[in-house]
Amino acid sequence: MTLSVTNTLTRAREEFRPGDEDDVLLYVCGLTVSDDAHLGHARVWTHADVMHRWLEHEGYTVHHVENFTDVNEKIAARAGEDALGEDEAAVAEHFMTSVIRDMRGLNLKRAEVYPRVSEHVPEIIDLIETLLERGYAYESNGSVYFDVTEFEDYGKLSNQQVEEMEAQGEASERSEKRNPFDFALWKAGGVSPADVAEHRKDDRPIEDGEYGETWESPWGEGRPGWHIECSAMSMTHLDGTIDIHVGGHDLVFPHHENEIAQSEAATGEQFARYWLHTGLLETKGEKMSSSLGNFFTVSGALEEFGVNVVRTFYLSTEYGSKQTFSESAMQEAEERWSRLERAYEAAVDACDGVDARTKVEDADLRDAVDETHEQFAEAMNDDFNVREAISALLELASASNRHLEDSVEYDYQALRRTIETFEELGGDVFGLTFGDASAEGDVSLAGDLVELVLDVREDARDDGNYEQADALRDALTDLGVEVEDSDDGPSYRL
RNA sequence: GCCAAGGUGGCAGAGUCCGGCCUAACGCAGCGGCCUGCAGAGCCGCCCAUCGCCGGUUCAAAUCCGGCCCUUGGCUCCA
């Protein structure tokens, strides 16, 4: 069974064939660290993470690079803001720290490298010089621009025609550019007060002069353009054509288009084979974004819902489609995750009580396990269809519950394989953490106390004092402890 | 205006590339039943879909072709 993916470059489903049969070069277009990350960013990360995990599951070695853009007008504009830091680098460092914490909290597999723009200025300058030498770029007043008319394939990713864009172009813009859609590779000087004014988040007065860090270059002091960094960093850390380039749909044009142009113009080789774009996260009909101010931060979501619910939320829609964030969507994700987790725990509990040498066999559950693996793999290989894949897991949950419900004696082998399947597909591939329900926070004391209350409640129940028993259960529920009675005595979940 | 993606049950969301197994998956919500002192969880069953509209191709279309309407995103910083 082979993986097929939808390639933005060709707008078609294609069989996935990496340059090397064992290794996959994965580049994820990372974040500009000018603010806290929100759920829209985390959606890209999580889908890229699941791709990464699935490729590894299929035997590939994944070389994952994900950049941080730490040089940007928005960052420079916030320098000096309370609690963020005095200069551009300090502000970037501040947000990078929080973003990395978010990434860990989301249980993302680590990339091999997280390159930063500020540490790659020499490589960027080299790349720009190559483009100048080859005639794809020109200098103008200390800035350097890429000449889009020199690159024949310009527009191939977004299917835009330069002529058409020029026809409706920005004639009013007085500019140093030869063509309106030429883009900056290097910008002379620092960040202008006007740019700072646009991105300031507080009311401090804006003084004349230049903001942000600048670097020495053959064209004078200046700053790298936005698009060139990804080309320079991916070339530095990934050798040859990138196999999979992942990013949000909003980056197709101009960012990714420009990356292709400058990279392929410089090397003469294909920049990336498969371009996978994730659909945007929306709230109330518009995309979640920092500039619209309608965002829910990753750290806030992790705190409120927990990793597993957040990941399950993302896993209920394919990466390529847009997804809507809402309270009810999160509630559904919570229910889906609970269903999986409860089925897993029930299987584990049951399995613990069964003699491994038992001869009991339940063909239904055994078949269900096999089918789960088949359906899961088929779904994942079909353009990472995570919704279908998680359905397979939910069906296994049903099959497992049914076995526990219907059987007098349990099938040890089948339960064992059910548990392993949850751990392998739900855990390793989807990054969900089973069996961790009570591992968050310091629950050892809390757990003991809950047990104590439950003992008291059991005594009350034995005495037929249901009024008190229910009062205790309600009190625990209010504290976030779910109590469930069963034949084997009460159990609880936090 | 140009480019791209999408319109499927109360919600959400697969299936559309490669037409038939779709009398439309998984789930949430709702309604019955079993179980339970009760509740929850679980199990069983039910409910809600002429698959945006109109036309065409075909023995056969949610799936292919054409037209139209609507939504979202990009064309400016953006995941």
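This tour moves through a predicted model, one selection at a time.

**The whole chain**

Chain A has 494 residues, of which 41% count as buried. Contacts across the sequence may be considered next: among those between residues at least 6 apart, 75% join residues at least 24 apart.

**The parallel sheet**

Select strands β4, β3, β9 and β10, which form an open sheet in that order with parallel pairing. The edges are held by β4 (61-69) and β10 (272-278); each has a single partner strand, so one side of each is left without a neighbour in the sheet. On average, and with direction ignored, neighbouring strands here are turned by 20 degrees against each other.

Helix α1 lies across β3, β4, β9 (242-248) and β10, and runs at about 155 degrees to β9.

**The antiparallel sheet**

Next, select β5, β6, β7 and β8. In this order the 4 strands form an open sheet, and the pairing is antiparallel. Which strands stand at the edges of this sheet? They are β5 (137-140) and β8 (222-224); because each has a single partner strand, one side of each lacks a neighbour in the sheet. From one strand to the next, the twist averages 20 degrees.

Within this sheet, β5 and strand β6 (residues 143-146) run antiparallel and are joined by 4 bridges. Display Ala 137 to find Phe 146 of β6 opposite.

**Two packed helices**

Select helix α4 (residues 121-133) together with helix α7 (residues 228-237). The two pack at an angle of about 105 degrees, and their axes are 9 Å apart. That angle makes α4 roughly perpendicular to α7.

Show the side chains where the helices meet. From α4, the residues are Glu 123, Ile 124, Leu 127 and Ile 128; from α7, they are Ile 228, Glu 229, Ser 231, Ala 232 and Thr 236. Sorted by class, this contact of α4 with α7 has 5 nonpolar, 2 polar and 2 charged residues.

**The surface near the RNA**

Select RNA strand B and the residues around it. There are 68 surrounding residues, and the closest are Arg 13, Gly 40, Gly 248, Asn 401 and Tyr 466. By class, the surface near RNA strand B has 15 nonpolar, 27 polar and 26 charged residues. Which element gives the most to this surface? Helix α13 does, with 9 residues.

**Asn 401**

Finish on Asn 401, one of the closest residues to RNA strand B. Asn 401 lies in helix α13 (residues 386-406). Is Asn 401 buried, exposed or partly exposed? Asn 401 is partly exposed, because 15 other C-beta atoms lie within 10 Å, whereas a buried residue would need 20 or more. Once neighbours within four places in sequence are left aside, Asn 401 is in contact with Ala 343 and Ala 346.

Note on methods:
Residues numbered from 1 in each chain as written. Chains lettered and ligands numbered in written order. Predicted model: local features only at pLDDT ≥ 70, side-chain atom pairs only at ≥ 80, totals over all residues. Axes fitted to C-alpha atoms, helices over the stretch in contact; angles between N-to-C directions. Parallel < 35°, antiparallel > 145°, perpendicular 65-115°, else oblique. Contact = placed C-beta atoms within 7 Å. Nonpolar A, V, L, I, M, F, W, Y, C, P; charged D, E, K, R; others polar. Pairing = 2+ DSSP bridges. Buried ≥ 20, exposed ≤ 12 C-beta atoms within 10 Å, placed from the backbone. Near = placed C-beta within 6 Å.
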